[in-house]
Amino acid sequence: MEQLNFTDIFKSSFLEKTSGFSIIDSLIGLLTAFLIGLFIYFVYKKTFSGVIYSHTFNISLIVMSMATALIIMGISSNILLSLGMVGALSIVRFRTPIKDPMDIVYIFWAIVSGILCGAGFIPLVIIGSILIGIVLLVFINHISIQNPYLLVIKYTDAAIEKSLSHIIAENSKKHCIKSKSVFPGNNYEVTYEVRIKDEEMNFINNISNIEGVSSAVMLSYDGNFTA
């Protein structure tokens, strides 16, 4: 009967699976994922145009790139680990709502960068990230698109509707009625979509001074209502 010595105990499949593990390649992949994540961090900060900037969300983009690269490195050489990882990730549920569609773009960018770094496609992820960053910086920061405004007017006299339309037409490039509501007691509410001239909003004061107008509110509209 053969004797089992201390060396034989460690001659297991575990060492065989890790024999192809390269610390240098892993460090290069993780360092590249960190640098790409840092690049995404600065691009997101420069192009953010929402109401409240979330620093923690931006930091999570860096961690997401590195964590994805780490996962890809782990499962790339082990089919059993890859199947187990897929099963583990399938039970993960993300409860944080994503309100801005551009946030989804950055999340997808960070995940794809991590996958490419983990798979060793370093030149591809560098070139691709630079091009994506340039596109975002150019189109978001340097190409301005004039968003329309929503003008909500409440009034009590239906006879002033022509006067309202006349004032709005004189002070806007384009306008149209989006909705009109009639409430009990001769109360009316009309919503116009307007594109104003040279960001001039003083005409709203003239509207509010018309007899019969109870309120006039201008809202910036870019897909969300923001006062």
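**Entry 1**

Helices here are DSSP runs of H or I with at least four residues, strands are runs of E with at least two, and both are numbered from the N terminus. This is a predicted model, where local features need pLDDT of at least 70 and side-chain atom pairs count only at pLDDT 80 or more, while totals for chains, interfaces and linings use all residues. Residues are numbered from 1 along each chain as its sequence is written, and side-chain values use heavy atoms, with hydrogens and water left out.

I noted that α4 (residues 55-75) and α6 (residues 101-119) pack at about 30°, with axes 7 Å apart. Axes are lines fitted to C-alpha atoms, for helices over the stretch in contact, and angles run from 0 to 180 degrees between N-to-C directions. α4 and α6 are therefore roughly parallel (under 35 degrees; over 145 is roughly antiparallel, 65 to 115 roughly perpendicular, the rest oblique).

I then listed who touches whom, with contact meaning heavy atoms within 4.5 Å. Among them, F57, L61 and M64 lie on the α4 side, and Y106, I107 and A110 on the α6 side. By class, this contact has 13 nonpolar, 4 polar and 1 charged residues. Ala, Val, Leu, Ile, Met, Phe, Trp, Tyr, Cys and Pro count as nonpolar, Asp, Glu, Lys and Arg as charged, and the others, including Gly, as polar.

**Entry 2: α3 and α6**

Next I turned to α3 (residues 23-47), which packs with α6 at about 165°, axes 9 Å apart. α3 and α6 are therefore roughly antiparallel. α3 also passes α6 in a right-handed crossing. The contact includes A33, I36 and F39 of α3 and Y106, W109 and C117 of α6.

**Entry 3: The cores**

I looked for nonpolar cores, sets of buried Ala, Val, Leu, Ile, Met, Phe, Trp, Tyr and Cys residues joined through side-chain atoms within 4.5 Å. Buried means under 20% relative accessible area, exposed over 50%, partly exposed in between (1.4 Å probe, protein chains only). The largest core has 19 residues, and L151, I153 and L164 are among those with the most contacts inside it. β3 gives the most to this core, with 5 residues. Apart from it lies another core of 16 residues, including A33, F57, Y106 and C117.

**Entry 4: The whole chain**

I finished with the totals: the protein chain has 9 helices and 5 strands, and 27% of its 227 residues count as buried.

Key
A crossing is left-handed if the near helix is turned anticlockwise from the far one by less than a right angle, and right-handed if clockwise.
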